[in-house]
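Have the structure open as you read.

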Amino acid sequence: MPFGVTMLNRHVTRSCCRLWRDVPRPLVHIRSASQAQTGTRRSDEEQAWDASVGYLPFSRASIGSFFQQQPELKNPFLEDALLRAYLKRHFPSQEVFSDLSAFGERVAKEVDSWGRECEVNPPRLVHFDPWGRRVDHIVTSAAWKRMKDLSAQEGLVAIGYERSFGEWSRVYQMSKLYIFSPSSGLYTCPLAMTDGAAKVIQSIGVSWPVEEAYSRLTSRQPERFWTSGQWMTERRGGSDVASGTETVAIPQTDGSYKLHGFKWFTSATDADMTLTLARAQDPTGATTPGSKGLSLFYAEVSRDKDGLLQGIEVQRLKDKLGTRQMPTAELLLDGLPAYRLSEEGRGVASIANMLTITRIHNSISAAAAMRRVVQLARDFAARRTAFGKLLKDHPLHMQTLSRMEVETRAAFLLVMDVCRLLGREETGLASQQDAHLLRLLTPVVKLYTGKQAVAVVSEGLESFGGQGYIEDTGLPTILRDAQVLSIWEGTTNVLSLDVLRCVARSSGLVLHAYFSHVKSLLSGASSFSSLAPAVKAVDSALSELEAFIQDAATRKPIYLEQAARDLAYSLARIYAGALLIDHACWKGASHLDIYAALRWCEQDLCVVATKQRTGCYDSSTASLDAALVYEQPI
């Protein structure tokens, strides 16, 4: 080496050594790659460096000594100020607080890892045994099976039917599911269908042949507990079951039926039983088309003495964007033994209660996903340093997380109010206004929180930077699983049209109940000057909404159909604003509850009126929308 270069290297080395003496050593020590390897002679410069600092960062090493701390999942009950405040206001039972606190600790310390195991070890289908017999075994992870036992032990379905806390039992049950959902490995999906099945059986009457099934669906004993499937979707239609259901039910001499058909999408296919729709054949083999021909049937999923499924062939498991933890399959029903539960031709009407339950569960999962990503992002912001300071000390980052928090609070209060209404209905305490509100708000809250969840979780992933996009952090799973929430149990548009049907069938009484209740929620804020801007915004939006509805009533049906989605969004935003204001008024509220209400009410609460003023629903827009979508290149 030339003399000048050697002297320069030594000068640099001595300077670096002096600098490194003043730099604190990292807590994590990586074994130095500069230690002499067999057959390698170390230079004078390396020996001089080692003598000064003890190791060479990044010298012949692929990594250094810094590792970013990962976000820590802490007790989701103790970390959730709004959940605790809501329960303290409405449900001052120490027993419930103790149970939720203990359960939250178990979720953080134990159950969350089970959920991750369900994700990395998804179900698989084994069609044949080693000797060629068709067995159709759906193999699930050990963690998935533990989730079933846990669900029974913790009463995640049973609480809603024991009703130990009267009208607040559903709030208690759903609070527990809210804590559980993001860590459940999607086991909340079979629980939703199990709850829905129990509700249907209860409404029809708990008697043979479903008395034993009902006992098992609502059991706290793991060895007795059953889950239920919900096999409605067929190839021709998803939500359109009236024209899409081809499955036929052939009467048997003992009063039972044999089902023959193809179910295109069956979630939680490893369930113990199912409720499904089919068309009963008359003595000539004919069936009645449309919804009038559909009846509801109960079937157990069982195997014969040779271990073969009775009347079912599992064609394949679905390869899904998310919810990979849960088996979803295509099924051929080939003589599945079943019993008719509903009156003949009353199948669609008989599953209305089921849809109410499963849509509420969907909304709970949406709010829970939002809460989880906010909780993790908040923790990470106190651990991650960027541009010289922690993320939590960057105002723009805190503004972003604050906006996510406001969305999450609104979603939580929307969902819990529907749970409150359900509890009142089930205990016979619901007024006519309560009943109307429950019917209207169930689809509104489901569709709105489903869209909120996707947006908030997506925003939340950004707060982790590149790590939010890395699979083995578990963070992308939250986003993939959130996407199903706007699809399952009715897409946004399907539910928006359901809102219109709800209004029409009640002759507008559901809207009357809505306006009346929103005004009553605002009335308690009259003495809070700090809430005046929020109250004014909600009151103004309510007036705009009322004016829109009066005008739309004079138009052709297509006008309201085009406005249906914006109408549903407006109903959700206004109602959420009223709930946030109401919560900010109770004696245990903090100044941050007021702040959250103010922030929520800054947005356009009545988007349907805003769009109406731009001519968005005029008669020409439908054809122009279609022309824009299908414009052909010249």
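Predicted model: local features only at pLDDT ≥ 70, side-chain atom pairs only at ≥ 80, totals over all residues.

## Domains and salt bridges

The chain splits into three pieces: domain 1 covers 81-128 + 137-224, domain 2 covers 228-345, and domain 3 covers 351-630.

First, some overall numbers. The protein chain has 634 residues, and 51% of them count as buried. If you look at contacts in the chain with a separation of 6 or more, 75% come from residues 24 or more positions apart.

Now for the place where domain 1 meets domain 2. Here 26 residues of domain 1 touch 24 residues of domain 2. How much area is buried between domain 1 and domain 2? About 2200 Å², with carbon and sulfur atoms giving 72% of it. On the polar side, the interface has 6 residue pairs in polar contact. As for salt bridges, the rule finds 1 across this interface. Lys-148 pairs with Asp-272 in a salt bridge, with 2.9 Å between the closest N and O atoms.

Which elements give two or more residues to the domain 1 side? They are helix H4 (94-120), strand E1 (124-128), strand E2 (134-139), helix H5 (142-153), helix H8 (188-204) and helix H9 (211-217). H8 gives the most, with 7 residues. By residue type, the domain 1 side that touches domain 2 divides into 18 nonpolar, 5 polar and 3 charged.

Back to salt bridges, this time over the whole model: the count comes to 44.

| Pair | N to O distance |
|---|---|
| Arg-480 and Glu-119 | 2.5 Å |
| Glu-330 and Arg-316 | 2.6 Å |
| Lys-318 and Glu-330 | 2.8 Å |
| Lys-148 and Asp-272 | 2.9 Å |

Take the salt bridge between Arg-480 and Glu-119. Arg-480 belongs to helix H15 (residues 475-483) and Glu-119 to helix H4, so this pair ties together parts that are 361 residues apart in sequence. Are these two residues buried or exposed? Both Arg-480 and Glu-119 are buried.

With Arg-316, Glu-330 forms a salt bridge at 2.6 Å, N to O. Glu-330 is in strand E9 (residues 328-340) while Arg-316 is in strand E8 (residues 312-317), so the link joins parts 14 residues apart in sequence. Glu-330 has 5% relative accessibility and counts as buried, whereas Arg-316 is partly exposed, at a relative accessible area of 44%.

The other partner is Lys-318, whose salt bridge with Glu-330 has its closest N and O atoms 2.8 Å apart. Lys-318 lies in the loop between E8 and E9, so this pair with Glu-330 of strand E9 ties together parts 12 residues apart in sequence. Both Lys-318 and Glu-330 are buried.

Finally, which residues are linked in a network of salt bridges? Asp-80, Arg-371, Glu-405, Arg-409 and Asp-593 are linked that way.

Key: Residues numbered from 1 in each chain as written. Heavy atoms only, no water. Domains from an automatic or database assignment. Contact = heavy atoms within 4.5 Å. Buried area = accessible area lost by both parts, 1.4 Å probe. Salt bridge = Lys/Arg side-chain N within 4 Å of Asp/Glu carboxyl O. Polar contact = N/O pair within 3.5 Å; in protein donor to acceptor, adjacent residues only side chain to side chain. Helix = DSSP H or I, 4+ residues; strand = E, 2+ residues; numbered from the N terminus. Nonpolar A, V, L, I, M, F, W, Y, C, P; charged D, E, K, R; others polar. Buried < 20%, exposed > 50% of the residue type's maximum accessible area, 1.4 Å probe, protein only.
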